Every structure is written in C-alpha cells, then in structure tokens.
Amino acid sequence: MSAARRSAAAIHGVIGIDKPAGMTSRDVVNRLCRCFGERRVGHAGTLDPDATGTLVIALGDATRVVRWLMHAPKQYDAVVAFGAATDSDDATGQVVREAAVPHLDRDGLQARVDAGLGHIGQVPPTVSA
C-alpha cells in the first residue's frame, strides 16, 4: 500500500460521550483519535469547557453525517444564579458586581422570561465556545 493511502478505519459510527467539565469538545475528539487510532473523528456541536453533557461524536465514515447532525434538535438545561455579575459572564469569573435579588414568584419569573423572548440582539459572553 502506498504511503498516501490510509488504512481502513477499525470503527465507524455515531456515539454519545458524557463530556465532563474541564475538557473542550476538541479535547474529547483528540482523545478519541488516539484511543481508536482514527483521524476521522468529529463532533456535532461544541460544548463550553465548563459545560457537561452529551457530546455527539462521529467516527470514521460516519463523519459524513455530521453536517446533518448539527441541525438536529438539541436540549439544554442550565442552572442560573441571580445577584452577581462576573468579569467572564459565567460562574468561573471574578465577581465584579452584586445586587439584591427581588422576590420572584412563578408568574413574576415567567413575565421576565417572556420579556426576553423574540428578536433581540445577543451579546456573546466574554468566555464562549
């Protein structure tokens, strides 16, 4: 076999990896490349390093479907802490401002959520994948 040809991959498929906090999506891909000896490894959506959850990974010939997997519906759960702003806009930053949190009942919270729906100009956080 010539040096220009790659040997066939040992594994092809799509798997879900439970990505831990502290790893980037690229870190996961790099580790799987080494683990499986496969150069064709891709993911269908980036998770911030602090985020945990399922990272959809494609191996070998299955990397051809990543472009469609990127558009598949996704669901995110988040934990929000009110009353502090950080220099990185996330939980890892240094607190730069604190404020009292008004009492919000379910209806009050829903009204504030509804006020943020629709066409808005989003400002990406300082730290973002």
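Student: If buried means under 20% relative accessible area, exposed over 50% and partly exposed in between (1.4 Å probe, protein chains only), how does D61 count?

Tutor: At 33% relative accessibility, D61 counts as partly exposed. This is a predicted model, in which local features need pLDDT of at least 70, side-chain atom pairs count only at pLDDT 80 or more, and totals for chains, interfaces and linings use all residues. Residues are numbered from 1 along each chain as its sequence is written, and side-chain values use heavy atoms, leaving out hydrogens and water.

Student: Which residue meets D61 in a salt bridge?

Tutor: The side chain of R40 does, at 2.8 Å from N to O; a salt bridge is a side-chain nitrogen of Lys or Arg within 4 Å of a carboxyl oxygen of Asp or Glu. This pair links distant parts of the chain, 21 residues apart: R40 is in the loop between α1 and β2, and D61 in the loop between β3 and α2 (66-69). Helices (H or I, at least four residues) and strands (E, at least two) are DSSP runs, numbered from the N terminus.

Student: What else does R40 pair with?

Tutor: R40 also meets E38 in a salt bridge, at 3.1 Å from N to O. E38 counts as buried because its relative accessibility is 6%, whereas R40, at 21%, counts as partly exposed.

Student: Turning to K19, where does it lie, and how far away is the nearest side chain of opposite charge?

Tutor: K19 lies in strand β1. K19 is buried without a salt bridge, and the nearest side chain of opposite charge, D50, is 7.5 Å away. Here Lys and Arg count as positive and Asp and Glu as negative; His and the chain ends are not counted.

Student: Which backbone oxygens lie 2.7 Å from a polar atom of the K19 side chain?

Tutor: One is the backbone oxygen of M23, and another is that of A51.

Student: Now α1: which of its residues are buried?

Tutor: They are S25, V28, V29, L32 and C33. These residues lie on the same side of α1 because they cover an arc of only 140 degrees around the axis, the arc being that of the directions from the helix axis to the C-beta atoms.

Student: What covers them, and what is on the face turned away?

Tutor: The cover includes β1 (13-19), β2 (41-43) and β3 (53-59). The face turned away carries the exposed residues R31, R34 and C35.

Student: Which residue follows α1?

Tutor: G37 follows α1, with a positive phi near 65 degrees.

Conventions
Contact means heavy atoms within 4.5 Å. A polar contact is a pair of N or O atoms within 3.5 Å; within protein, one must be able to donate a hydrogen and the other to accept it, and residues adjacent in sequence count only if both atoms are side-chain atoms.
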